[in-house]
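Reader: Could you walk me through the strands and the enclosed space of this model?
Author: Gladly; let us look at it together.

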Amino acid sequence: MAKPLIKVDFKASPEKQPYLHNRWHPEIPMVAWVKPGDEFRIECIDWTGGQIANDNNAKDVQVVDLSKVHYLSGPIGVKGAEPGDLLVVDLLDVGVLPESAWGFTGIFAKENGGGFLTDQYPDARKACWNFSGLYANSRHIPRVEFAGIIHPGLIGCLPSKELLSTWNTREGALFATDPQRVPPLCAMPYAPTAHMGGMAKSKIPKAAAEAARTVPPREHGGNCDIKNLSRGSKIFFPVYVKGGGLSMGDIHFSQGDGEITFCGAIEMAGFLDVRVSIIKGGMKMYGIKNPIFQPSPVEPKYSRFLIFEGISVDESGKQHYLDATVAYRQACLNAIEYLKKFGYSGEQAYAILGTAPVEGHISGIVDIPNACATLYLPTEIFDFPMMPTSAGPTKFVDGKADLAVVK
Ligand code: ZN
């Protein structure tokens, strides 16, 4: 058994727990030091730090304080790890904690977070999920159940001072092109709600003002939200500071490629069992700038899909040049329109695409002017036939249940 290294407290506020942090900064002190070969268990709270409740009101999703996310457990120092090395992380297991055995999916309001389809679905909604062993089901989305592909949405090592400064410069330049945009172009440093772990009080004001937000994926990994980085996978992280400083959180019971509703996976608290080792000088040896990983030998096995195509012509009919984002959005919108024919609301269909083991592919990226993106929807997750036939679709979903609205 992996030995417990970080235990979280669901009754205490996250800010009172020094083994949690919600920013990236090279001076956040290590919570613990381990040796190569060690196996240990890290507990994590959900990414919002308990702001979302298991109820039928989406008010908490509407007003969620996104300046506080993501709460991560760590950083953990690995003895002998130095800048330029690769930190090898085996995700031995990822699981649910009995104190918090449920999950949620939110559609964020356009004025507070938004999502991939925020123009079509601008209002806050919430679905809560029940875990039946390997399977997830929701009282808010009937007639669908699927095996979860459980994974940390966010995992990575601390940045160096230089890397942090690079992030702030390039993201600041993007932000400055349209500072009033809703939702914003990127999340800039914000000191008032920074939780800097166990950092000495005297150091916090300066560090919190420059510490990077945890929202985007970056060179160190971070918030990649890759569903296939699931339990059983092996990840190779670039090391930027002495000891590496490995942190993780934002555990998802399941997620579709793209995590399209933004709070789009099945979000949960949980644990990760981890084993670490080091490849000395591995970054240069293998030409590595961003993490690489080997996926798990154990994943949900769905073999039948209905695949939706999308091209880079947007909703207004405007032609875009090889734009994979526009193309994937069209594939998603096409899948939602299809699911609505069986009785789902648009919001329910949107949430299914964000949570079920849906695959997103860039199928063509050279055939000017249209990129072609495809969305693979596993048909076996529905308890009714959903392939097209000459008889037309039947409304198998009766419309009695829907995602929770703001009350
Ligand atoms: Zn998440």
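Reader: How many of the residues of strand E5 (residues 72-78) are buried?
Author: A word on the source: this is a predicted model, where local features need pLDDT of at least 70, side-chain atom pairs count only at pLDDT 80 or more, and totals for chains, interfaces and linings use all residues. Residues are numbered from 1 along each chain as its sequence is written, and side-chain values use heavy atoms, with hydrogens and water left out. Strands (E, at least two residues) are DSSP runs numbered from the N terminus, and buried means under 20% relative accessible area with a 1.4 Å probe, protein chains only. Strand E5 is mostly covered, and its buried residues number seven of seven.

Reader: Which residue of E5 is the bridge partner of Trp33?
Author: Two strands pair if DSSP finds at least two bridges between them. Strand E3 (residues 32-34) and E5 run parallel and are joined by three bridges. Within E5, the partner of Trp33 is Gly77.

Reader: And in E15, which residue is the bridge partner of Gly77?
Author: E5 and strand E15 (residues 244-252) run antiparallel, with four bridges joining them. The partner of Gly77 in E15 is Gly244.

Reader: What is the bridge partner of Leu20 in E5?
Author: Strand E2 (residues 20-21) pairs with E5 in the antiparallel sense, over two bridges. Leu20 has as its partner in E5 the residue Ser73.

Reader: Which strands stand at the edges of the open sheet of six strands, and why is one side of each left without a neighbour?
Author: The sheet has mixed pairing and the order E1-E4-E17-E6-E14-E18. Each edge strand has a single partner strand, so one of its sides has no neighbour in the sheet; these are E1 (3-6) and E18 (292-294).

Reader: How many residues in the lining of the largest cavity are charged?
Author: A cavity is a set of points on a 1 Å grid over the protein atoms alone where a 1.4 Å probe fits but cannot get out, and lining residues have an atom within 4 Å of a point. The largest cavity is lined by Trp47, His70, Asn223, Asp225, Asp250, Glu259, Phe262 and Glu267. Asp, Glu, Lys and Arg count as charged. Besides two nonpolar and two polar residues, the lining has charged residues numbering four.

Key: Buried < 20%, exposed > 50% of the residue type's maximum accessible area, 1.4 Å probe, protein only. 1 Å grid on protein atoms, 1.4 Å probe; cavity = no way out; pocket = protein on both sides within 12 Å on 5 of 7 lines; lining within 4 Å.
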